[in-house]
Each structure stands twice: as structure tokens, then as C-alpha cells.
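Colleague: Could you walk me through this model, one feature at a time? I would like the general idea each time and then the case at hand.

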Amino acid sequence: RRHSEKLLAGETIEPISEQTFETGLATAGSPPLDLIVRTSGEKRLSNFLLWEAAYAELVFQEVLWPDYGPKALAEAVAAFGERDRRYGGRDVVPARAAG
């Protein structure tokens with residue numbers, strides 16, 4: 001928004017980079033997300049922290065938010081602990097030799 005306001009005012013703006021974009025987010029200055037827990041059994045983010053969620057692990061649970069407690073949180077953290085975090089990379093699996 002700041003960029004568009006400057007542009008409309010005739011000001012020169014710097015190119016938008018990943019860093020300048022992130023400074024305009026509500027989460028600017030916060031550490032990167034590691035885990036997002038979605039309750040109620042929904043399998044979508046519903047526009048929630050889309051940029052920040054890029055490398056976060058997602059856990060979907062059936063429990064409703066008013067009923068969310070220590071047990072559900074422990075389950076989410078345990079699921080997170082079992083993940084192989086690659087931050088956008090992928091493991092290269094060598095092809096099997098024909099045999």
C-alpha cells in the first residue's frame with residue numbers, strides 16, 4: 001500500500017523486493033512461522049498469513065477452536081516434530097538400478 005501511495009503521489013519508489021514486501025506485512029520483524037495449526041477440520045488457510053506460511057508446516061485438526069487445549073497442541077507439536085523440513089528444497093532419490 002505504501003508503494004502505491006508513493007507512486008500516486010508522483011514519488012520515486014524503489015523496486016519491490018522480497019525484503020521490502022515483508023516490511024509492509026503485519027508480521028514484520030517477527031521470526032518466520034514454523035507451524036500453522038488449522039482447527040475445525042478445514043483443509044485451507046482461508047487467506048491467513050499466506051506469504052508467511054510459505055515454508056511453515058501445516059497441521060489440520062478436527063477439534064474446534066473453543067475446545068482446543070493442551071492435548072491438541074501436544075498432538076500438533078508432535079506431528080511437527082516428525083516432519084522433514086526442507087524449506088522448499090527436495091530430497092533427491094537416486095534411481096534404482098535395473099535388476
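**Salt bridges and what surrounds them**

Modeller: Let's start with a pair: R44 and E42 join their side chains in a salt bridge, 2.7 Å from N to O. The term covers a side-chain nitrogen of Lys or Arg within 4 Å of a carboxyl oxygen of Asp or Glu. This is a predicted model, where local features need pLDDT of at least 70 and side-chain atom pairs count only at pLDDT 80 or more, while totals for chains, interfaces and linings use all residues. Residues are numbered from 1 along each chain as its sequence is written, and side-chain values use heavy atoms, leaving out hydrogens and water.

Colleague: How many salt bridges are there by this rule?

Modeller: The count is six. Another of them joins R83 and E57 at 3.0 Å, N to O. That pair links distant parts of the chain, 26 residues apart, with R83 in the segment after α3 and E57 in strand β2. Helices (H or I, at least four residues) and strands (E, at least two) are DSSP runs, numbered from the N terminus. There is also a network of salt bridges linking D34, E57, R83 and R85.

Colleague: What does A76 touch?

Modeller: A contact means heavy atoms within 4.5 Å. Leaving aside residues up to four places away in sequence, A76 touches L35, V37, V59, Q61 and Y68. A76 sits in helix α3 and is buried, with a relative accessible area of 0%. A76 and V59 are 17 residues apart in sequence, yet their C-alpha atoms are 6.3 Å apart in space.

Colleague: And which residues make the nonpolar surface patch?

Modeller: Patches are built from residues with over 30% relative accessible area and no salt bridge; like charges are joined within 9 Å, and nonpolar side chains (Val, Leu, Ile, Met, Phe, Trp, Tyr) within 5 Å. Here I16, F21 and W51 make one of about 310 Å². Accessible areas come from the Shrake-Rupley method with a 1.4 Å probe, and for residues only the protein chains shown count as cover. W51 lies in the loop between β1 (35-38) and β2 (57-60) and is partly exposed at 39%. L25, in the loop between α2 (18-23) and β1, touches W51 and E52, not counting residues up to four places away in sequence.

Colleague: In what order do the elements run?

Modeller: From the N terminus the order is α-α-β-β-α. The radius of gyration is 20 Å, well over the 13 Å that the globule rule gives for 99 residues, so the chain is more spread out than a compact globule. That radius is taken over C-alpha atoms, and the rule is 2.2 Å times the number of residues to the power 0.38. Buried residues make up 15% of the 99.

Colleague: Where is confidence lowest, and where is it highest?

Modeller: The score is pLDDT, the predictor's confidence in each residue, from 0 to 100. Confidence is lowest in helix α1 (residues 2-8), at a mean of 82, and highest in helix α3 (residues 70-81), at 97. The chain's mean is 87, and 91% of its residues reach 70 or more. Where pLDDT is low, the predicted coordinates should not be read in detail.

Key:
Buried means under 20% relative accessible area, exposed over 50%, partly exposed in between (1.4 Å probe, protein chains only).
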